[in-house]
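Take a moment with the sequence and the model shown here. The paragraphs that follow walk through its parts.

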Amino acid sequence: MKYLKFEASWCGACKMVQPKLNKVAAEGIVVEKIDAEANNDLVMEYNIRNLPTVLLVNDSGKELYRAVGSKMNAADLIQTYNDFANV
């Protein structure tokens, strides 16, 4: 299970949420950055409409949770990960 962060180099909100995702990664949770402009196939597969979008996916790539925009916080992302890990 891991988080996928869809971002773009020109996206200010993407830069704003990065410190929050660094806290998530510091907890040992994998956060993979996806350049939305260079990975159109993944953008289409996961129906990404806005940046940043952070998805929690299981090991087979199935979406379990989605957070969109700059309002997400590290504690909620960590709690969500732990909730799915303990199911």
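K5 counts as buried because its relative accessibility is 1%, and the cut-off for buried is under 20%. Keep in mind that this is a predicted model. K5 forms a salt bridge with E7, and the closest N and O atoms are 2.7 Å apart. E7 is buried as well, because its relative accessible area is 18%.

Look next at strand 1, which spans residues 2-7. Its pairing with strand 3 is antiparallel, over 5 bridges. Y3 stands opposite L56, which is in strand 3.

Where does T53 sit? T53 is in strand 3, which covers residues 53-57. T53 is buried because its relative accessibility is 1%. The T53 side chain reaches the backbone oxygen of N50 at 2.4 Å. Leaving aside residues up to four places away in sequence, T53 touches L4, K5, F6, I48, R66, A67 and V68.

Back to charged pairs. Side chains of opposite charge can pair when their charged atoms come close. How many salt bridges does a search of the whole structure find? The count is 3. The pair of K5 and E7 is one of them.

Another joins the side chains of E32 and K2, at 2.6 Å from N to O. This pair links distant parts of the chain: E32 is in strand 2, K2 is in strand 1, and they are 30 residues apart. E32 counts as partly exposed because its relative accessibility is 31%. K2 is partly exposed too, because its relative accessible area is 30%.

E63 and R66 also meet through their side chains in a salt bridge, at 2.9 Å from N to O. E63 is partly exposed, with 30% relative accessibility. R66 is partly exposed, also with 30%.

Technical notes: Residues numbered from 1 in each chain as written. Predicted model: local features only at pLDDT ≥ 70, side-chain atom pairs only at ≥ 80, totals over all residues. Heavy atoms only, no water. Helix = DSSP H or I, 4+ residues; strand = E, 2+ residues; numbered from the N terminus. Buried < 20%, exposed > 50% of the residue type's maximum accessible area, 1.4 Å probe, protein only. Polar contact = N/O pair within 3.5 Å; in protein donor to acceptor, adjacent residues only side chain to side chain. Contact = heavy atoms within 4.5 Å. Pairing = 2+ DSSP bridges. Salt bridge = Lys/Arg side-chain N within 4 Å of Asp/Glu carboxyl O.
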